[in-house]
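Welcome! Let's look at this protein together and ask how each description of it is reached.

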Amino acid sequence: MKQQLHNLKKEAERKERAYLVGLGLKGLSEREVSEQLEELALLADTAGAEIAGRVIQMRDAPDAKFYIGSGKADEIKTEIENLEVDTVIFNDDLSPSQIRNLEAVFECKTIDRSTLILDIFAQHAKTHEAKVAVELAQLNYLSPRLTGMWTHFGQQSMGVSAGGNRIGTRGPGETQLEIDKRIVKKRAAELKDKLDDIERQRAQMKKQRSKLLRVSLVGYTNVGKSTLLNSLTKGGVYAADRLFATLDATTRKLFLAGFGE
């Protein structure tokens with residue numbers, strides 16, 4: 001029993017092994033794609049993954065079915081099996097069908113850049129507003145990708161056939177996909193209402209601070225916005241040399257001697 005618990009603990013502590021895939025199209029050099037994969041590696045590290053390997057495929061155009069082509073997909077399958085990869089991460093956004101086709105080949109989780117970034121957002125969101133906004137973004141991204149996610153069931157939801165006989169099955173003969181789409185749509189509407197309420201509260205707070213000059217620090221991730229804020233205000237905001245290490249909007253007061261005189 002102790003050995004089993006020890007093994008479970010080791011598995012839980014083991015970092016997820018990720019394999020990165022970049023596609024270079026016309027107008028992009030292999031060097032430029034390599035630089036993009038460097039940033040993708042930083043994103044994966046921020047998400048808690050260990051980079052097991054990476055590959056770049058140069059093509060004139062993406063393959064409609066496998067994005068990188070079936071031959072390259074087969075090559076990657078062999079490599080990720082040897083490297084014991086848990087997740088394959090593509091540098092570009094993939095269509096729902098491309099993800100399904102690639103996962104069928106790789107036999108492991110396959111995600112794209114946007115999914116990775118949304119996962120990082122979900123990890124780092126601390127305030128109620130940030131958590132609501134991130135969940136809404138995830139649902140909006142997931143919704144069009146529901147199509148086909150349940151085709152492997154090949155049956156009606158919860159074993160219910162047309163004219164279903166179970167309470168709470170939301171209508172006769174309704175498929176799991178239809179149920180999920182309605183759940184996602186309902187939850188997204190609830191989150192949108194919450195964000196509207198938060199925005200109204202924020203607008204009210206702005207009125208109360210109307211005499212204060214408000215300044216925003218704007219820039220790409222990991223350029224030093226939080227570090228600069230701490231330097232100016234001694235605000236104690238979390239700062240780290242990682243992409244999207246901080247997500248929540250933070251306000252701190254800065255007193256300037258002689259300002260307004």
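Q: In what order do the elements of the protein chain run from the N terminus on?
A: In this predicted model, the order is α-β-α-β-α-β-α-β-α-α-α-α. That pattern holds eight helices and four strands.

Q: How much of the protein chain is made up of buried residues?
A: Of the 261 residues, 31% are buried. The label is given to residues under 20% relative accessible area. As for the surface, the protein chain exposes about 17,000 Å², and carbon and sulfur atoms supply 52% of that area.

Q: What share of contacts in the protein chain joins residues at least 24 apart?
A: Counting contacts between residues at least 6 apart in sequence, the share is 59%.

Q: Why is Ile68 called buried?
A: Ile68 has a relative accessible area of 0%. Buried means under 20%, so Ile68 belongs in that class. You can find Ile68 in the loop between strand 2 (49-58) and helix 3.

Q: Which residues does Ile68 touch, not counting residues up to four places away in sequence?
A: Ile68 touches Val21, Leu23, Gln57, Arg59, Asp63, Ala73, Ile76 and Phe90. There is also a pairing to look at with Gly22: Ile68 and Gly22 are 46 residues apart along the chain, and their C-alpha atoms are separated by 8.8 Å.

Q: Which residues of helix 3 and helix 4 meet?
A: From helix 3 come Ala73, Asp74, Ile76, Lys77 and Ile80, and from helix 4 come Leu102, Val105 and Phe106. This set divides into six nonpolar, no polar and two charged residues.

Q: How do helix 2 and helix 5 cross, left-handed or right-handed?
A: Helix 2 passes helix 5 in a left-handed crossing. The axes of helix 2 (residues 30-46) and helix 5 (residues 113-124) come within 9 Å and cross at roughly 35 degrees. On the helix 2 side, the contact is made by Gln36, Glu39, Leu40, Leu43, Ala44 and Thr46; on the helix 5 side, by Arg113, Leu116, Ile117, Ile120, Gln123 and His124. These residues divide into six nonpolar, four polar and two charged.

Q: How do you know whether Leu191 is buried or exposed?
A: Compare its value with the cut-off. Leu191 has 1% relative accessibility, and buried means under 20%, so Leu191 counts as buried. Leu191 sits in helix 7 (residues 176-208) and touches Val132, Glu135, Leu136 and Leu139, leaving out residues up to four places away in sequence. Leu191 and Ala137 are 54 residues apart in sequence, with 9.8 Å from C-alpha to C-alpha.

Q: Why does Thr221 count as buried?
A: The relative accessibility of Thr221 is 11%. That value is under 20%, so Thr221 counts as buried. Thr221 lies in the loop between helix 7 and helix 8 (225-233). Aside from neighbours within four places in sequence, Thr221 is in contact with Arg242, Leu243 and Phe244.

Definitions and conventions:
Residues numbered from 1 in each chain as written. Predicted model: local features only at pLDDT ≥ 70, side-chain atom pairs only at ≥ 80, totals over all residues. Heavy atoms only, no water. Helix = DSSP H or I, 4+ residues; strand = E, 2+ residues; numbered from the N terminus. Buried < 20%, exposed > 50% of the residue type's maximum accessible area, 1.4 Å probe, protein only. Contact = heavy atoms within 4.5 Å. Nonpolar A, V, L, I, M, F, W, Y, C, P; charged D, E, K, R; others polar. Areas by Shrake-Rupley, 256 points an atom, 1.4 Å probe, with all protein chains shown as cover. Axes fitted to C-alpha atoms, helices over the stretch in contact; angles between N-to-C directions. Left-handed = near helix turned anticlockwise from the far one by under 90°.
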